[in-house]
Amino acid sequence: MIQFTVPGPVQAQERPRFSRMGKGVRTHDAPKSRNYKELVKLVAWQNKPLEPIQESIRLEVDVFIIPPKKYHTKPKLAHIASGELRPTTKPDLDNLVKGIKDGFSKIIWNDDAQIVEMVVRKFYGMQPRAEVKVKVLSN
């Protein structure tokens, strides 16, 4: 199992941008998404296996988001600490995990298609981050 933390706020994957180059149309990531993927790639390189994983994978990602100021009261912070109060606002889980999956491709694993199980959860936390576990499943 590979386990590590991607520090800082998790950037939800934004819609791709389009630009015209001559006769064709080119797509590229929005700047925030591109910068976050670069951070994810850096962390992936620091934790990569000797060779990218070839087998089936179970991916677990816990995303920690700073709670809004209105939740910075003792009772609310106690509910956050116990896991009873969790974010139900945007961004969606699938948009949060997309940048992480893209950043790991060709470094931790070869292709996202190898992910056969995935658990992604959102929590409030005073330190924004993504805690990641990559488990190799036997084929």
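Strands β1 (2-7) and β6 run antiparallel and are joined by six bridges, where strands are DSSP runs of E with at least two residues, helices are runs of H or I with at least four, both numbered from the N terminus, and two strands pair if DSSP finds at least two bridges between them. The model is predicted, so local features need pLDDT of at least 70 and side-chain atom pairs count only at pLDDT 80 or more, while totals for chains, interfaces and linings use all residues. Residues are numbered from 1 along each chain as its sequence is written, and side-chain values use heavy atoms, with hydrogens and water left out.

In β1, Ile2, Phe4 and Val6 form the covered face, and Gln3, Thr5 and Pro7 the uncovered one.

The largest nonpolar core holds 26 residues, of which Val61, Phe104, Ile108, Trp109 and Val134 touch the most other members. Such a core is a set of buried Ala, Val, Leu, Ile, Met, Phe, Trp, Tyr and Cys residues joined through side-chain atoms within 4.5 Å; buried means under 20% relative accessible area, exposed over 50%, and partly exposed in between (1.4 Å probe, protein chains only).

Two backbone features complete the picture. A cis peptide bond, with omega about 10°, joins lysine 90 and proline 91, the latter lying in the loop between α2 (74-82) and α3 (93-104). Lysine 106, in the loop between α3 and β5 (115-124), has a positive phi of about 70° although it is not a glycine.
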